[in-house]
Amino acid sequence: MEEACRRPEITYPCRVPMKIIGRQEELRPDMVMELILAHLGPQPEGDERHSANCKGAFISYTFWVTLPDDKAETPLREAIQRLPGVVMQL
């Protein structure tokens, strides 16, 4: 019998990538970073930078965030989803 695939155990704080995709003319990375800082507090040096990728009318930003505990990610994602221009988060 095969063993079921188990999720890895996560220990906190945990540094993870957060990708936000939105309409290029509306979504601004400074708005995303403002929410990250408001929800998670100061981030490690260098993590306030992001990478960006454009495709047509859409842009994706990838931020690295450090989650302090297992309850911090959901409120942050919900706040980001309400930003103008956001269409998806990964």
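**Entry 1: Met88.** I began with Met88, which is partly exposed, with a relative accessible area of 40%. I noted that the model is a predicted one. Met88 is found in strand 4. I then looked for a nonpolar patch on the surface and found Met88 in one, together with Phe58, Val87 and Leu90. These residues have about 350 Å² of accessible area together.

**Entry 2: Gln89.** Next I took Gln89, in strand 4, which runs over residues 86-89. Is Gln89 buried or exposed? I read a relative accessibility of 17% for Gln89. Buried means under 20%, so Gln89 counts as buried.

I looked up where the side chain of Gln89 goes. The side chain of Gln89 reaches the backbone oxygen of Arg77 at 2.8 Å. I also found a polar contact between the side chains of Gln89 and Gln81, at 3.1 Å. Then I listed what Gln89 touches, not counting residues up to four places away in sequence. Arg77 and Gln81 are on that list, along with Met18, Lys19, Ile20 and Ile80.

**Entry 3: Thr66.** I moved to strand 3, residues 58-67, where Thr66 lies. Thr66 is buried, and I noted its relative accessible area of 18%. Which residues is Thr66 in contact with, leaving aside its neighbours within four places in sequence? I found Pro13, Cys14 and Arg15. I also found Leu40, Gln43, Pro44 and Asp47.

**Entry 4: Pro13.** Pro13, one of the contacts of Thr66, was my next stop. Pro13 lies in the segment before strand 1, which spans 14-23. I checked the peptide bond that joins Tyr12 and Pro13 and found it to be cis. Its omega is about 0 degrees. For background, I wrote down that most peptide bonds are trans.

**Entry 5: the cysteines.** Cys14 is also among the contacts of Thr66, so I looked up how covered Cys14 is. Cys14 is buried, at 17% relative accessible area. Cys54 is partly exposed, with a relative accessible area of 46%.

How many disulfides does a search of the whole structure find? I got 0.

Key
Residues numbered from 1 in each chain as written. Predicted model: local features only at pLDDT ≥ 70, side-chain atom pairs only at ≥ 80, totals over all residues. Heavy atoms only, no water. Disulfide = S-S within 2.5 Å. Buried < 20%, exposed > 50% of the residue type's maximum accessible area, 1.4 Å probe, protein only. Helix = DSSP H or I, 4+ residues; strand = E, 2+ residues; numbered from the N terminus. Polar contact = N/O pair within 3.5 Å; in protein donor to acceptor, adjacent residues only side chain to side chain. Contact = heavy atoms within 4.5 Å. Patch = residues over 30% accessible without salt bridge, like charges linked within 9 Å, V, L, I, M, F, W, Y side chains within 5 Å. Areas by Shrake-Rupley, 256 points an atom, 1.4 Å probe, with all protein chains shown as cover. Salt bridge = Lys/Arg side-chain N within 4 Å of Asp/Glu carboxyl O.
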